[in-house]
Amino acid sequence: MPAHEDWSERVAPSLEDMEALADRAFAGLPESFRRLVAGVVIRVEDFPTDEVLDEMEAETPFDLLGLFHGIGMAQDAAVGETGRLPNMIFLYRRPILDYWAEHEESLGGVVTHVLVHEIGHHFGLSDEDMERIEDAADI
């Protein structure tokens with residue numbers, strides 16, 4: 001966006017806007033990677049719950065940008081299917097917006113980074129693997 005554009009009428013992206021951005025970020029990931037994570041549910045919430053913050057030992061609600069919740073692929077065979085909830089990736093809107101405001105990245109780039117990082121937990125990928133996936137993403 002050009003620096004001279006008028007921001008006086010702009011508002012922060014809503015939860016729905018962030019969900020649409022997350023959907024676009026996911027669609028921009030390499031097709032082979034997207035097929036591997038079929039069935040993972042992506043949810044956008046304003047902040048992590050107090051329970052999650054306590055569990056992750058976060059100092060503030062802004063410490064977590066996203067979270068993978070579920071059974072990672074490495075542990076998947078060890079857990080029975082009965083009554084299991086789907087794997088979920090939570091993206092936290094307010095911490096993401098705060099991070100975006102403090103860095104020189106596009107909002108789409110930040111959302112893609114968090115999404116790839118949390119999907120990486122699903123697969124047990126290394127930081128280098130996740131970086132290659134991000135580089136291949138169409139954002």
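This is a predicted model: local features need pLDDT of at least 70, side-chain atom pairs count only at pLDDT 80 or more; totals for chains, interfaces and linings use all residues.
User: Where do I start with the core, and which residues touch the most other members?

Analyst: Begin with the general idea. In soluble globular proteins, nonpolar side chains tend to be buried together. Here the largest nonpolar core has 26 residues, and M18, L29, L91, I96, V111 and I119 touch the most other members.

User: Which elements give two or more residues to this core?

Analyst: They are α1 (15–27), β3 (88–92), α5 (93–102), α6 (107–123) and α7 (127–136). The largest share, 8 residues, is from α6. Another core lies apart from this one; V52, L53, L67 and Y92 are among its 7 residues.

User: What is L91 in contact with, beyond its neighbours within four places in sequence?

Analyst: The list includes A22, I42, V44, L65, I96, V111, V114 and L115. R43, E45 and G66 are also in contact with L91.

User: How many aromatic pairs are there?

Analyst: The count is 2. F47 and F62 pair edge-to-face, with 5.1 Å between centres and 90 degrees between planes. F47 sits in the loop between β1 (41–45) and α3 (50–55), and F62 in the loop between α3 and β2 (66–69). The two are 15 residues apart, so the pair links distant parts of the chain.

User: Is F90 buried or exposed?

Analyst: F90 counts as buried because its relative accessibility is 12%, under the 20% cut-off. F90 stacks with Y92, 6.3 Å centre to centre and 5 degrees between the planes. Y92 is buried too, at 2%. By contrast, F47 is partly exposed at 25%, and F62 is partly exposed at 33%.

User: Which ring does the charged end of R10 sit over?

Analyst: That of W7, 5.2 Å from the ring centre.

Key
Residues are numbered from 1 along each chain as its sequence is written. Side-chain values use heavy atoms; hydrogens and water are left out. A nonpolar core is a set of buried Ala, Val, Leu, Ile, Met, Phe, Trp, Tyr and Cys residues joined through side-chain atoms within 4.5 Å. Buried means under 20% relative accessible area, exposed over 50%, partly exposed in between (1.4 Å probe, protein chains only). Helices (H or I, at least four residues) and strands (E, at least two) are DSSP runs, numbered from the N terminus. Contact means heavy atoms within 4.5 Å. Rings of Phe, Tyr and Trp (its six-membered ring) pair if their centres lie within 6.5 Å; planes under 30 degrees apart count as stacked, over 60 as edge-to-face and the rest as tilted. A charge sits over a ring if NZ of Lys or CZ of Arg is within 6 Å of the ring centre and within 35 degrees of the ring normal.
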